[in-house]
Amino acid sequence: MDADRFAELTRAIGSSISSVIDGKPAAVRSALVALLAEGHLLIEDVPGVGKTMLAKALATSVDASVRRIQFTPDLLPGDVTGVSVYDPAEREFEFKAGAIFAHIVIADEINRSSPKTQSALLEAMEEGQVTVDGRTHPLPDPFLVVATQNPLEMEGTYALPEAQRDRFMIRISMGYPDAASEALMLRQRDTVNPLDALQPVVTTAEVSRMIAFARSVHVSPSVGEYAVALSQATRSHPELRLGASPRATLQLVRAAKVWAALDARNFVIPDDLIALLQPVFAHRLIPTRSVTGTRARGGTDTVAAIIDRIAATVRVPVAARS
């Protein structure tokens, strides 16, 4: 895998997704970053704006095993991870794999299930494995969870705990389409679902090679220190009672490597970190009560403004002159 081949494949995946998702290039790019940086993607927005459609388009564009889990209040942890079933003929327990055993798992409306069921994803998302009855079962590689959720104030939902939110590398919102894109959608989807015509454009082996190439993108010591400084600034900021975790710092750098590779660079620059600061950090930070006022957790606009102020105050490293 070289830079030209990486660019060719990423363009193919992006074009495939964009043929279904009209007018959302930023969302498509974020989905690519999550896949190739070995992270997980959380798509949070109101119903009907294409959250599940984006997840399905990404899954279909990659020739890999795909499972969809519809999260509901009665979903059990064993439905996700799998269970051990006694086989009377063999007189032993046999493991029956759950829906989590796939390369790409679509966790649809993840916040409609109980915290107990949500916690079934924690080990899988962090370690790429599940443990049932004391036995560990590895998950396919690559492994990506694309979760969708409605805003927390919607009826019939459970807030994702901080440990769960921290395992998502990137959180994005789809937003409403512009008038031209919505009119085009009406004409194109009147009788045909564009997902039906979508075909895989890359293989699982190619995705693994792309991930390996992204890992090799260079991060200079000064850029690494800049990422750490940004994270530490969130932990000491007076308007935040929960800052970015070390996992967030690591995922910010991993995402920046893919971001740089998508721009045909084999090195990360500070602008890559700044471009990813909001989607990687915003869902992990919790403002203080004095900032949120009467709202329980504060709006994303409040957190976004704090992140912008932090980015403006942390010193940007300057390249040494040769």
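Student: In what order do the 5 strands of the open sheet come, and is the pairing parallel or antiparallel?

Tutor: A quick word on the source: this is a predicted model, where local features need pLDDT of at least 70 and side-chain atom pairs count only at pLDDT 80 or more, while totals for chains, interfaces and linings use all residues. Residues are numbered from 1 along each chain as its sequence is written, and side-chain values use heavy atoms, with hydrogens and water left out.

Now the sheet. Read across, the order is β3-β6-β9-β1-β10, and the pairing is parallel. Strands here are DSSP runs of E with at least two residues, helices are runs of H or I with at least four, and both are numbered from the N terminus; two strands pair if DSSP finds at least two bridges between them. The edges are β3 (66-70) and β10 (170-172), each with a single partner strand, so one side of each has no neighbour in the sheet. From one strand to the next, the twist averages 15°, with axes fitted as lines to C-alpha atoms and angles running from 0 to 180 degrees between N-to-C directions.

For an antiparallel case, go to β7 (residues 129-132) and β8 (residues 135-138), joined by 4 bridges. T131 sits opposite T136 in β8. Their hairpin has 2 residues between the strands, and D133 takes a positive phi near 55°. In a regular strand, side chains alternate between the two faces of the sheet. On β7, V130 and V132 make up the covered face, whereas Q129 and T131 are on the uncovered one.

Stepping back, the protein has 14 helices and 13 strands. Its radius of gyration is 20 Å, close to the 20 Å that the globule rule gives for 322 residues, so the protein is as compact as a globular protein of that length; the radius is taken over C-alpha atoms, and the rule is 2.2 Å times the number of residues to the power 0.38.

How far can you trust it? The average pLDDT (the predictor's confidence in each residue, from 0 to 100) is 87, and 93% of the residues score at least 70. Over residues 294-298, though, pLDDT is below 50, and that stretch has 7 contacts beyond near neighbours in sequence, a contact being heavy atoms within 4.5 Å. Where pLDDT is low, the predicted coordinates should not be read in detail.

Conventions
Buried means under 20% relative accessible area, exposed over 50%, partly exposed in between (1.4 Å probe, protein chains only).
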